[in-house]
Amino acid sequence: MTWFPAGWIRPLIAAPLLALTMAGAHAADLLDNVKQAGVLKIGLEGTYPPFGYRGANNQLEGFDVDVARAVAAKLGVKPEFVTTEWSGIIAGLQAGKFDVIVNQVNVTPQRKQVLDFSKPYVFSAAQLIQRKDDKREFKSLEDLKGKRLGVSLGSNYNELAKSVAGIDVKTYPGAPEYLRDLAAQRVDAALNDRLMVNYLIKTSNLPLRAGAVVKGGDTEVAIPFRKDNPKFAQALDRALDDLRKDGTLTKLSNKWFGADVTRPVK
């Protein structure tokens, strides 16, 4: 304890004061830190179109990038993007490498045990993809019993498809492969996130169309941050509420998806 000033009484006073100071510093709300820095550090992959990716000029763009910029503006600070791989993005948040993640993070009970979340800003669901010239209208997964359904291996939609007995589920490495097989009539339909369906159809340049939204794959996307930051939680939710009320979220959703995915699926 040689770092204490000389005198027998001062260490006894200084120690609890130091502990209180350290506790106060530790308890500083994230909102105070963000406001003091004037910057909101945002974690994202940066390789996930149309949500966050580098465009032709190597600048980050996408739906989540636009949402993050709008949130930072409502908080009165500048956005600072920190790109990281998905496999380490939650660990990076917990380690303080960034303040929030805006990267299509689904709200799950497991994640809520270790992180706090904003109100949802995206509501998604499972949606079918069909060929343009297919006159059949599959309204549910039950309609696909006895039919071939293409899904990505290891995805949530793989498990959802397999939960309905009688569907011939065909798994693929990714969307490009099953979309090609769908166009070639090797499968009857495909299943993916409704956020991705229009984008996939547009970029595939194949004769495909969006099918029905099906039950069982509903998800909510929100902005995670470290626990025990109540002031930041309130400010973040208020920012999202304002963006919803002034039409910004709807405008951004229509820009990137051609539909409003910022409201619950009906």
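Tutor: Q185 sits in the loop that runs from α7 (175-183) to β12 (helices are DSSP runs of H or I of at least four residues, strands runs of E of at least two, numbered from the N terminus). The model is predicted, so local features need pLDDT of at least 70 and side-chain atom pairs 80 or more, while totals for chains, interfaces and linings use all residues. Numbering starts from 1 along each chain as its sequence is written, and side-chain values use heavy atoms, without hydrogens and water.

The phi angle of Q185 is near 65°, a positive value in a residue other than glycine. Most residues other than glycine have a negative phi. With a relative accessible area of 49%, Q185 is partly exposed (buried is under 20%, exposed over 50%, partly exposed in between, with a 1.4 Å probe and protein chains only). D228 also has a positive phi near 65°. D228 belongs to the loop between β14 (224-225) and α9 (230-245), and its relative accessibility of 67% makes it exposed.

The lining has 20 residues, and Y48, N106, N156, Y157 and D193 are the closest to the centre. Two or more residues come from each of β7 (105-106), β10 (148-152), α6 (156-162), β12 (189-193) and α8 (194-204). By type, the lining holds ten nonpolar, seven polar and three charged residues. The pocket lies between domain 1 (34-122 + 220-257) and domain 2 (125-218), because both give residues to its lining (the bounds come from an automatic or database assignment).

V107 is in the loop between β7 and α5 (109-112) and is partly exposed, at 25% relative accessible area. Its C-alpha atom is 7.5 Å from that of F117, ten residues away along the chain. The other loop, between β2 and β3, holds P50. P49 and P50 are joined by a cis peptide bond, with omega about 5°. Most peptide bonds are trans.

Y48, which is among the residues closest to the pocket centre, also belongs to a cluster linked by ring pairs, together with F51, F63, Y121 and F257 (ring centres within 6.5 Å; planes under 30 degrees apart are stacked, over 60 edge-to-face, the rest tilted). There are seven aromatic pairs by this rule. F51 and F257 form a tilted pair, because their ring centres are 5.6 Å apart and their planes stand at 45°. F51 is in the loop between β2 (47-48) and β3 (52-54) and F257 in helix α10 (residues 248-257), so the pair ties together parts 206 residues apart in sequence. Both F51 and F257 are buried.

Conventions. 1 Å grid on protein atoms, 1.4 Å probe; cavity = no way out; pocket = protein on both sides within 12 Å on 5 of 7 lines; lining within 4 Å. Nonpolar A, V, L, I, M, F, W, Y, C, P; charged D, E, K, R; others polar. Phe/Tyr/Trp six-rings, centres within 6.5 Å; stacked < 30°, edge-to-face > 60°.
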